[in-house]
Amino acid sequence: MTDVSAKPLVLHVCGSVASEYYEGVSIYYVNECFQEVAKHGTYDNRPCIVHLDGTWSFPADLSEEAKAKAERLTIAQAFAKIAELKPATMVPHMFCLPGMTTYRAIFDALCIPIVGNSAVVMGISTNKVQSKAIVEAAGVPVPPAQLLKKGDVPHMKRPFILKPCNEDNSQGITLVKENIDLQKALD
């Protein structure tokens with residue numbers, strides 16, 4: 001018999017397989033989210049951490065002690081754990097490219113609703129050139145831009161903003177003014 005009084009489980013997926021920076025940002029965001037949602041008591045909110053080495057863990061909470069005690073699972077074991085937990089939805093807190101695309105797609109494939117955009121939308125939005133082209137094609141005015149490849153030099157008049165095509169969270173942004181070393185910004 002199913003317990004109808006049980007709160008729906010919301011799985012908060014955080015961490016990073018890409019970098020310690022993104023892992024730290026992700027853990028910070030999920031901690032802030034947990035502080036807020038705990039006040040409401042509407043859902044059973046549980047963390048799921050994807051680690052730099054690709055393992056997953058499901059700590060009881062986000063304390064350092066709970067994170068250290070949590071067993072590290074392979075992706076196959078994590079899928080079994082997710083099936084056992086039967087989450088009503090997943091809230092993504094991963095900000096690295098694989099987190100915004102691959103890990104969202106995993107939950108989509110598992111038929112678990114995702115709060116926010118799909119993996120496809122995130123994949124497009126993470127690529128600045130694709131995003132600009134789509135928005136421009138829809139008739140939205142966009143500023144001039146230039147896609148640079150290794151060794152290219154921008155032809156735009158300074159000042160301009162130099163940003164990697166597929167980074168997020170303000171990583172790699174440089175405001176190129178007259179007194180900024182362009183080569184250093186490009187490297």
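A residue counts as partly exposed when its relative accessible area lies between the buried limit of under 20% and the exposed limit of over 50%. In this predicted model, Arg46 has a relative accessible area of 32% and is therefore partly exposed. Its salt-bridge partner is Asp44, and the closest N and O atoms of the two are 2.8 Å apart. Asp44 has a relative accessible area of 25%, so Asp44 is also partly exposed.

The salt bridges of the model come to seven in total. Side chains of opposite charge can pair when their charged atoms come close. Another of these bridges joins the side chains of Arg72 and Asp53, with an N to O distance of 3.4 Å. This pair links distant parts of the chain: Arg72 belongs to the loop between helix 2 and helix 3, Asp53 to the loop between strand 2 and strand 3, and 19 residues separate them. Arg72 is partly exposed at 44% relative accessible area, whereas Asp53 is exposed at 54%.

A further salt bridge is found between Glu84 and Lys81, whose closest N and O atoms lie 3.6 Å apart. Because Glu84 and Lys81 are three residues apart in helix 3, about one helical turn separates them. An α-helix has 3.6 residues a turn, so residues three or four places apart point the same way. Glu84 is exposed, with a relative accessible area of 56%, while Lys81 is partly exposed at 26%.

Helix 3 spans residues 75-85, and its buried residues are Ala78, Ile82 and Leu85. Viewed down the helix axis, the buried residues of helix 3 fall within an arc of 65°, and therefore they line one face of the helix. Their packing partners are strand 1, strand 2 (44-50), strand 3 (56-57) and helix 5 (102-109). On the face of helix 3 turned away from the buried side are the exposed residues Ala76, Ala83 and Glu84. Lys86 follows helix 3 and has a positive phi, near 50°.

Strand 1, which covers residues 9-15, contains His12. The relative accessible area of His12 is 2%, so His12 is buried. A polar contact of 2.9 Å connects the side chain of His12 with the side chain of His93. When residues up to four places away in sequence are not counted, His12 touches Val30, Cys33, Phe34, Asn45, Arg46, Pro47, Cys48, Val91 and His93. This list includes Arg46, the residue that forms the salt bridge with Asp44.

Pro47 is among the residues touched by His12, and Pro47 is also in contact with Ala60. Ala60 lies in the loop between strand 3 and helix 2 (64-69). With a relative accessible area of 70%, Ala60 is exposed. Apart from neighbours within four places in sequence, Ala60 is in contact with Pro47 and Ala66. The C-alpha atoms of Ala60 and Asn45 are separated by 10.0 Å, the two residues being 15 residues apart along the chain.

A nonpolar patch on the surface is formed by Val120, Ile124 and Ile134, which together have about 260 Å² of accessible area. Ile124 is located in helix 6, residues 119-126. The relative accessible area of Ile124 is 32%, and Ile124 is therefore partly exposed.

Technical notes
Residues numbered from 1 in each chain as written. Predicted model: local features only at pLDDT ≥ 70, side-chain atom pairs only at ≥ 80, totals over all residues. Heavy atoms only, no water. Helix = DSSP H or I, 4+ residues; strand = E, 2+ residues; numbered from the N terminus. Buried < 20%, exposed > 50% of the residue type's maximum accessible area, 1.4 Å probe, protein only. Polar contact = N/O pair within 3.5 Å; in protein donor to acceptor, adjacent residues only side chain to side chain. Contact = heavy atoms within 4.5 Å. Patch = residues over 30% accessible without salt bridge, like charges linked within 9 Å, V, L, I, M, F, W, Y side chains within 5 Å. Areas by Shrake-Rupley, 256 points an atom, 1.4 Å probe, with all protein chains shown as cover. Salt bridge = Lys/Arg side-chain N within 4 Å of Asp/Glu carboxyl O. Arc of directions from axis to C-beta.
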